[in-house]
Amino acid sequence: MARRSRGGGGGGVVEAALKADMAAMRLVWRRGAVRLVLVSAIAWAMLVLLALAFHLWSCSSSVAFLSALCKKDSKVLNVLDSMWLSSKPLHRCPIPVADDPNSVAIPKRTANTIVKKLSYITVDKQDKDPSPLFGGRQNWKQREESFKLNSTMKVHCGFMKNSGADMDSVDVKYIQKCKFVVASGIFDGYDIPHQPSNISHRSQKLFCFLMVVDEVSLDFIEKNTTVKIDSAGGKWVGIWRLITVHRLPFDEPRRNGKIPKILTHRLFPQAWYSIWIDGKMELIVDPLLILERYLWRGKYTFAVAVHKHHRSIYEEGDAIKRRKRYARPLVDLQMKMYYYEGMEPWSPKKKMPSDVPEGAVLIREHTTMTDLFSCLWFNEVNLFTPRDQISFGYVVHRLGDALKFFMFPNCEYNSLFILHRHTREHSSKVEWAKTIDEIVKKGLKESRGGLGLWTPYPADLSSVELPAAKRTSPAG
């Protein structure tokens, strides 16, 4: 009996040991399975990321074979482009420029025909402020009169007396010689100057390359790149002559950036021709070839590219609101004014290929008509929102056929430059405001720009319904 008892006890120990071993094996297998799943998931994610990276790289590659592998309309690129995390490869096409800058013949300047004499209002009698508004206090009647063309005209055009945007005397003296200008600007320290490439010796001697900066940007540039000072005290970064402006007129950096961009003729009054490029761009085409291609060949005085997505200002306004580029109710108010004043959505029946430009490159001969257009465009930017792509089409609409105007294909525009990212992105609280009450209660109203949005309009806009905006692109 005792032996059976001992034998039975031994069997129980063995059985218990086997169960323990089995439990341990199950635990090992379970942990192994979990690890296998995790490793497989990580490996799969790495493969997906690798494939995505290859896809994006092939789309931007200059190697023909790799570029051919890219599916330009892929959903991946569309999603990233719409989120502004990455961009679809720019659609570029060859620019039919002349072969050699040295062979380009500079024509006689265009005669002033419709508007023969243009002057500027620099003092508003009703403005008693010792620090006048830079854009003046243009009323609704003056605004309307400014669109009526006469041989002699006097209009608001920024630079009111003692209103700011002052230059150093050394820079004022330097720009007196500048008849051909490539201009750019950096405000609030968003960029550093990018050196142009493919610039001929002739263009280096003919053009002034002028980079307009504020004091904050000048300090940022001096800390992040080499600034050389010439014997006269002028500051240079490579080919760019830095032009510092003091006493900025606006609270909003975007508005300050419109001064050199739109009012190039006021900042550099001796200029016959100018090419404006945004500060984040690197010019890669000789400027003399640009003038020949976009102005002289077709006898135009103003050239700008068609927007890559939008044709109607109402589409552009819708995109601005969705991307929170300015306060939605103020964008709506500006568009309601334009719609009430007869600005219809773009259609193929219009003479222009688009009402919305790519405003980062502007090519101009400074005739009185071109200068008037720039003044009227700036006045709209000064009165309403700083989103100049909305007001551009409206001013073109009001002037009709008076301006010798050329809108060229977007693919050519993309071939003029290399686009660099800002060092940081601009954002202001007003861009997120959803209602007028929110803007007022939170003190988001600008104090020196956009005042037309807060001045009673001479008509009732409450019943105006904006036309539906067709969202023609996932990028908005």
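This note sets out numbered points on the predicted model shown above.

1. **Basis of the model.** The structure is a predicted model, in which local features need pLDDT of at least 70 and side-chain atom pairs count only at pLDDT 80 or more, while totals for chains, interfaces and linings use all residues. Residues are numbered from 1 along each chain as its sequence is written, and side-chain values use heavy atoms, with hydrogens and water left out.

2. **Overall composition.** The protein contains 16 helices and 14 strands; helices (H or I, at least four residues) and strands (E, at least two) are DSSP runs, numbered from the N terminus. Of its 476 residues, 48% count as buried, where buried means under 20% relative accessible area, exposed over 50% and partly exposed in between (1.4 Å probe, protein chains only). Among contacts with a separation of 6 or more, 83% are between residues 24 or more positions apart, contact meaning heavy atoms within 4.5 Å.

3. **Nonpolar cores.** The largest nonpolar core has 75 residues, of which Leu210, Phe268, Phe302, Phe373, Trp377 and Phe405 touch the most other members. Such a core is a set of buried Ala, Val, Leu, Ile, Met, Phe, Trp, Tyr and Cys residues joined through side-chain atoms within 4.5 Å. Helix 13 (residues 368-383) gives the most to this core, with nine residues. Apart from it lies another core, of 38 residues, which includes Ile186, Val285, Leu288 and Ile363. With residues up to four places away in sequence not counted, the residues touched by Leu210 include Tyr174, Trp240, Ile243 and Phe268.

4. **Helix 10 and its start.** All ten residues of helix 10 (residues 287-296) are buried. Among them are Pro287, Leu288, Arg293 and Trp296. At the start of this helix, a side-chain oxygen of Asp286 comes to within 2.9 Å of the backbone nitrogen of Leu288.

5. Glu412 belongs to helix 15 (residues 410-414) and is buried, at 7% relative accessibility. Its side chain forms a polar contact of 3.1 Å with the side chain of Arg293. A polar contact is a pair of N or O atoms within 3.5 Å; within protein, one must be able to donate a hydrogen and the other to accept it, and residues adjacent in sequence count only if both atoms are side-chain atoms. Not counting residues up to four places away in sequence, Glu412 touches Cys93, Pro94, Ile95, Pro96, Arg293 and Tyr294. The C-alpha atoms of Glu412 and Arg92 are separated by 6.1 Å, although the two residues are 320 residues apart along the chain.

6. **His156.** This residue lies in strand 2 (residues 152-156). His156 counts as buried because its relative accessible area is 1%. The side chains of His156 and Asp124 make a polar contact (2.9 Å). Leaving aside neighbours within four places in sequence, the contacts of His156 include Ile121, Arg137, Cys375 and Asn379.

7. **Thr367.** The loop between strand 12 (357-365) and helix 13 holds Thr367, which is buried with a relative accessible area of 6%. Its side chain makes a polar contact with that of Thr370 (3.0 Å).

8. **Leu419.** Strand 14 (residues 417-419) includes Leu419, which is partly exposed at 42% relative accessibility. Leaving aside neighbours within four places in sequence, Leu419 is in contact with Lys280 and Met281.

9. Helix 14 (residues 388-399) gives the most to the lining, with five residues.
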